[in-house]
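Open the model in your viewer and keep the selection tool at hand. The stops below say what to select next and what is there.

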Amino acid sequence: MFNHVFFDANAQGSGTSDPLGDLPEWNLDDLYTGENAAELKRDLDWLEQACASFATDYEGKLADLDAADFLDCVLRNEKINQIAGRIMSFAGLRYYQLTTDADRAKFMSDLQEKITNFTTPLVFFTLEINRLDDGHLDQLYARNAGLARYKPVFDKVRAMKPYQLSDEMEKFLHDLGVVGDAWERLFDETIAGLTFEVDGETLSIEGTLNLLTDPERAKREAGARELASVFGKNIKTFARVHNTQAKEKEIMDRWRGMETAQLGRHLSNQVEPEVVEALRNAVVEAYPKLSHRYYELKRKWLGLDKMQIWDRNAPLPMEDTRVVNWDQAEKMVMDAYNAFDPRMGEIAEPFFSKGWIDAAVKPGKAPGAFAHPTVTNVHPYVMLNYLGKPRDVMTLAHELGHGVHQVLAAEQGEMLSSTPLTLAETASVFGEMLTFRKMLDGAENPAQRKVMLAGKVEDMINTVVRQIAFYDFECKLHAARRNGELTPDDINALWMSVQAESLGPAFEFMDGYETFWAYIPHFVHSPFYVYAYAFGDGLVNALYAVYAEGDTGFEDKYFEMLKAGGSKHHKELLAPFGLDASDPAFWDKGLSMISGFIDELEAMED
């Protein structure tokens with residue numbers, strides 16, 4: 001799961017002489033020992049045969065299967081998903097370690113093509129499931145509890161039933177998928193290959209973005225202006241990627257009869273469009289009491305008449321600039337996890353001790369941070385770009401939360417473990433909140449507490465306000481693309497239309513900032529993904545309020561929720577906590593936590 005935070009790619013590597021300590025690197029042997037591993041060839045051979053025999057045994061016959069045979073069919077499909085997932089997890093993780101390596105890129109691309117070819121004969125499976133009568137499926141569930149367990153999977157598949165095309169067309173689109181992936185790779189490789197010249201030093205995008213958090217305003221400005229310059233020089237490429245992908249999506253949506261560009265994401269997230277709309281409206285209405293109010297405070301702290309975009313993530317004048325080494329970061333997060341429940345610490349510990357984390361910043365490594373679940377019979381892997389900032393500790397807590405969630409949900413098996421994006425951020429944001437509260441309780445004086453609160457508010461604004469502004473930008477982009485090709489200036493204008501609204505009157509915008517949409521990976525890799533961050537943050541804030549009120553048995557209910565993976569709808573998962581995301585007041589409850597932190601900061605000014 002990709003995180004939206006970006007970090008520096010020009011820090012020192014791992015090693016005991018590094019002030020960050022000995023940073024861990026992945027050991028991918030639990031997947032495969034190398035690209036020439038005998039086990040990898042064995043699995044590829046098995047997969048090719050398994051897909052062919054699956055199609056031979058079941059195509060055109062699903063309607064005639066009894067409950068036991070249908071369960072066998074599902075289990076065979078699940079095993080195919082698991083082996084394919086294991087292969088692509090290995091190839092993908094190797095690639096993200098060094099995206100500039102042509103051999104790794106080719107290895108991943110070749111495997112993706114093979115697996116696409118192997119699995120094309122399986123396209124019939126979901127198509128035939130969608131042709132089955134509801135009553136027929138209900139009878140099968142009633143006769144076999146093992147099959148009934150997979151009902152949530154079938155429900156998700158059947159949500160696409162109204163938008164399904166002919167079998168031949170679906171197979172064609174399946175095969176064509178690798179072409180769409182090429183645009184994502186073009187984006188990744190372009191971003192990774194960009195160089196930036198700042199004060200006589202050549203930096204990657206990570207190093208340059210990191211300058212936006214430098215204590216020296218002149219360095220922040222230099223970084224921002226160089227980002228704008230380089231993005232400007234490459235803007236035609238980025239505009240071409242966005243135009244092509246948005247057009248491809250528009251064609252798909254039109255053929256499928258989807259009313260909006262967002263609908264496909266809502267369906268895959270198993271969330272009703274009106275719930276997302278309620279979230280979006282609640283956040284936009286709260287801009288004045290959240291981001292506008294906070295940035296006005298920050299403007300005063302920085303002693304500025306107007307904030308520029310390079311001041312948005314500036315450290316506060318009273319900020320603690322100490323470096324948190326890796327051992328300290330591990331202890332902070334593990335202490336917070338264990339204090340909540342020792343079971344959580346027990347699940348998190350192997351990530352540190354068994355090579356499941358890649359933390360060091362290295363040239364060519366993918367930016368940002370993520371937790372990848374791989375497959376349910378292996379374990380997740382966490383990627384960071386760790387620089388020792390307090391916010392990097394929060395990122396570790398966030399991604400480790402994903403990892404804990406993925407380990408617990410793995411008990412559901414390959415087809416039921418995957419959590420919709422709207423709920424996938426639950427454990428990560430909750431883990432972050434636990435770590436933050438633990439650190440806040442340990443504040444040594446009011447000034448330190450103020451810095452921590454301000455940092456948390458900034459992170460929440462980046463997670464909620466910034467992501468909803470991103471979502472609005474995407475909605476406008478895809479709507480506009482339906483009316484024709486968009487020039488770079490067209491896209492720039494859409495970007496600026498949401499920025500001023502979300503950030504507020506404390507800001508002025510430099511020339512060139514209009515191109516800063518260009519580097520956001522979610523727009524390319526996962527259209528409309530971004531609202532899941534705001535959904536997750538709002539959900540966790542409401543959830544944490546229940547925990548803070550001393551809800552009886554909260555920890556057990558929390559673990560049960562994580563173990564459910566994708567087997568339950570958000571209404572079912574939240575009901576034990578007395579929460580309901582379809583209630584508009586639910587989002588106000590979550591947003592009020594952020595507002596309350598800003599109240600406390602304002603009170604400190606008196």
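Is F528 buried or exposed? F528 is buried, with a relative accessible area of 0%; buried means under 20% relative accessible area, exposed over 50%, and partly exposed in between (1.4 Å probe, protein chains only).

This is a predicted model, in which local features need pLDDT of at least 70 and side-chain atom pairs count only at pLDDT 80 or more, while totals for chains, interfaces and linings use all residues. Residues are numbered from 1 along each chain as its sequence is written, and side-chain values use heavy atoms, with hydrogens and water left out.

Stay on F528. Its phi is near 70°, a positive value in a residue other than glycine. Most residues other than glycine have a negative phi. F528 sits in the loop between α23 (521-525) and α24 (531-548); helices (H or I, at least four residues) and strands (E, at least two) are DSSP runs, numbered from the N terminus.

Next, select T374. This residue also has a positive phi, near 50°, and lies in the loop between β4 (370-372) and β5 (381-383). T374 is buried, at 10% relative accessible area.

Now show α24 together with helix α27 (residues 584-605). Their axes come within 8 Å and cross at roughly 80°; axes are lines fitted to C-alpha atoms, for helices over the stretch in contact, and angles run from 0 to 180 degrees between N-to-C directions. That makes α24 roughly perpendicular to α27 (under 35 degrees counts as roughly parallel, over 145 as roughly antiparallel, 65 to 115 as roughly perpendicular and the rest as oblique).

Select K450 and E605 next. Their side chains meet in a salt bridge, 2.8 Å from N to O; a salt bridge is a side-chain nitrogen of Lys or Arg within 4 Å of a carboxyl oxygen of Asp or Glu. K450 belongs to helix α20 (residues 446-463) and E605 to helix α27, so the pair ties together parts 155 residues apart in sequence. K450 is buried at 16%, whereas E605 is partly exposed at 35%.

Move on to R94 and E35. They form a salt bridge whose closest N and O atoms are 3.0 Å apart. R94 lies in helix α2 (residues 67-97) and E35 in the segment before α1 (38-58), so this bridge joins parts 59 residues apart in sequence.

Finish with E25, D358, K362 and K365, which are linked in a network of salt bridges. The structure holds 39 salt bridges.
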